[in-house]
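Please look through the model below before reading on. The points that follow take up a sheet, a ligand site and the division of the chain.

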Amino acid sequence: MSEIAKLELNGKVYEFPVITGSENEKAIDISTLRSATGYITLDPGFKNTGSTKSGITFLNGEEGILRYRGYPIEQLAEKAEFLEVAYLLIYGSLPTLAQYTKFKKTITLHTLIHEDMREFFEAYPAKAHPMGILAASLSSLSTFYPESHDPYRPQEAVDLTIYRLLAKLPTLAAWAYKNAMRHPVVYPKNNLDYCENFLNMMFSMPTEDYKVNPVVAQALNKLLILHADHEQNCSAATVRVVGSSQANLYTSVAAGVSALWGPLHGGANQAVIEMLEAIRNDGGDVDKWINKAKDKDDTFRLMGFGHRVYKNFDPRATIIKKASDDVLKALGVNDPVLDIAKKLETVALNDDYFKSRGLYPNVDFYSGIIYRALNIPSEMFTVMFAIGRLPGWIAQWKEMIEDKAPIGRPRQVYTGATKRDFVDIDKR
Ligand code: ACO
């Protein structure tokens, strides 16, 4: 028998159906609440609100489970290529060899950026944050492809936008970095794979070719997979809400980049390294910083700790921690901030404040340490996250469009002034 939720309001009982997901997740469907009762719900930060049904990513925060289209993140991170995972997220199943070969080749053919757009980069100041450049350039892409504006075009036309986005984002990201260095940009190379090509565009110089280290390329592949989707997080929800107005995919993804930039979301990876460096420069007194994080009068938070959904552990952090040990060893890097990170983690995991609130290291706690070992500068960390998250944003947008989702438009409880009459300026 299907479950029913009952709500009693002013003596009257209303019934709402309970929806059960494929992993037995339960939700009370209140879509008729306002028309039936005149009431709305209030849930700041959407902590209890499901905004959609989705078949893309399953996450169980209590048990630390993360699966893309049913496949455990541990298996994908170990065995798959990033573009294979992108295909899986966007199109729903793992590609056959023929499908994957065609997909990779098509993406390789779209990596170039229009020459007019290259000139945009010269206008940005050297200290421009690359996330600002990335958001602006993704939105700018829509101006080069006006035929992409209608989200309800035939599938092949939508696919072309998807290929262009996947192909061009690494080019835009590497060029944002070159802009900060005031170095000439490096053009994409079709004989390199996705990760190798990105590394080459980042590190190749007119004076010296860059030889891709397979350890570095593999580590990057793993990091991108781990970041590829995370169901209805802040940036994915943003992409869906922007896309629900039928704004084009480029612009919807640009909005996702902006949402990701903040330090409470993807910007945490940059913030973690800056925090670890600050602790080191301050003498390395970990307890002092733990106490700052616990002090309610201090705005400092332990960056890379805590998660809206994971309350026991973040499975991505477990994989990244192991990967960071392997990468540092393989590259012979001895990073002093790693010792501070490990000390901080040990102290926090044994502290009642963090334990009682379910605050554990999240994906960003260790990712910055690997990125540093790969010579990626800290301002680029969140850009790396964006490259990884792009397939997730696309998949969320595509599912939303295919489901013909209504425009995202929450309500509010108004607490401002009640009606009052305008007062002329000389009488105020
Ligand atoms: N350091 C210290 N205290 C913390 C931290 C932290 N990192 N995170 C949460 N808390 C405390 C809060 O002060 C609050 O305490 P209280 O109950 O005494 O008021 C309690 O834990 C719950 O925190 P909320 O902010 O209500 O939890 P929410 O789910 O809204 O926030 C978030 C989750 C934003 C990730 C938060 O844990 C945080 O700010 N972490 C640091 C930033 C970070 O690492 N972000 C990356 C997240 S992963 C990702 O987006 C890729």
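**Notes on the model**

1. Three strands make up an open sheet, ordered E1-E2-E3, with antiparallel pairing. Strands here are DSSP runs (E, at least two residues), numbered from the N terminus. Two of them pair if DSSP finds at least two bridges between them. Strand E1 (4–9) and strand E3 (26–28) are the edge strands, each pairing on one side only. On average, neighbouring strands of this sheet are turned by 30 degrees against each other, direction ignored. The axes behind that angle are lines fitted to C-alpha atoms, and angles run from 0 to 180 degrees between N-to-C directions.

2. A word on the basis. This is a predicted model, where local features need pLDDT of at least 70 and side-chain atom pairs count only at pLDDT 80 or more, while totals for chains, interfaces and linings use all residues. Residues are numbered from 1 along each chain as its sequence is written, and side-chain values use heavy atoms, with hydrogens and water left out.

3. How many bridges join E1 and strand E2 (residues 12–20)? The two pair in the antiparallel sense over six bridges. Glutamate 8 has valine 13 in E2 as its bridge partner. Lysine 6 stands opposite glutamate 15, also in E2. E1 and E2 form a hairpin with two residues between them. In its turn, asparagine 10 has a positive phi of about 50 degrees.

4. Now the ligand. Around it are 22 residues, of which Arg301, Leu302, Gly304, Phe305 and Arg308 come nearest. A residue is counted if one of its heavy atoms lies within 4 Å. By class, this shell has eleven nonpolar, five polar and six charged residues. Ala, Val, Leu, Ile, Met, Phe, Trp, Tyr, Cys and Pro count as nonpolar, Asp, Glu, Lys and Arg as charged, and the others, Gly among them, as polar.

5. Which atoms of the protein face ligand nitrogen? A polar backbone atom of leucine 302 is 2.8 Å from a nitrogen atom of the ligand. For a polar backbone atom of phenylalanine 305, the distance to a ligand nitrogen is 2.8 Å. Tyrosine 353 places a polar side-chain atom 2.9 Å from a nitrogen atom of the ligand. The protein covers 78% of the 930 Å² of accessible area that the ligand has on its own (Shrake-Rupley method, 1.4 Å probe).

6. Finally, the division of the chain. Domain 1 spans 4–50 and domain 2 spans 75–408. These bounds come from an automatic or database domain assignment. The centres of domain 1 and domain 2, taken over C-alpha atoms, are separated by 35 Å.

Notes:
Helix = DSSP H or I, 4+ residues; strand = E, 2+ residues; numbered from the N terminus. Polar contact = N/O pair within 3.5 Å; in protein donor to acceptor, adjacent residues only side chain to side chain.
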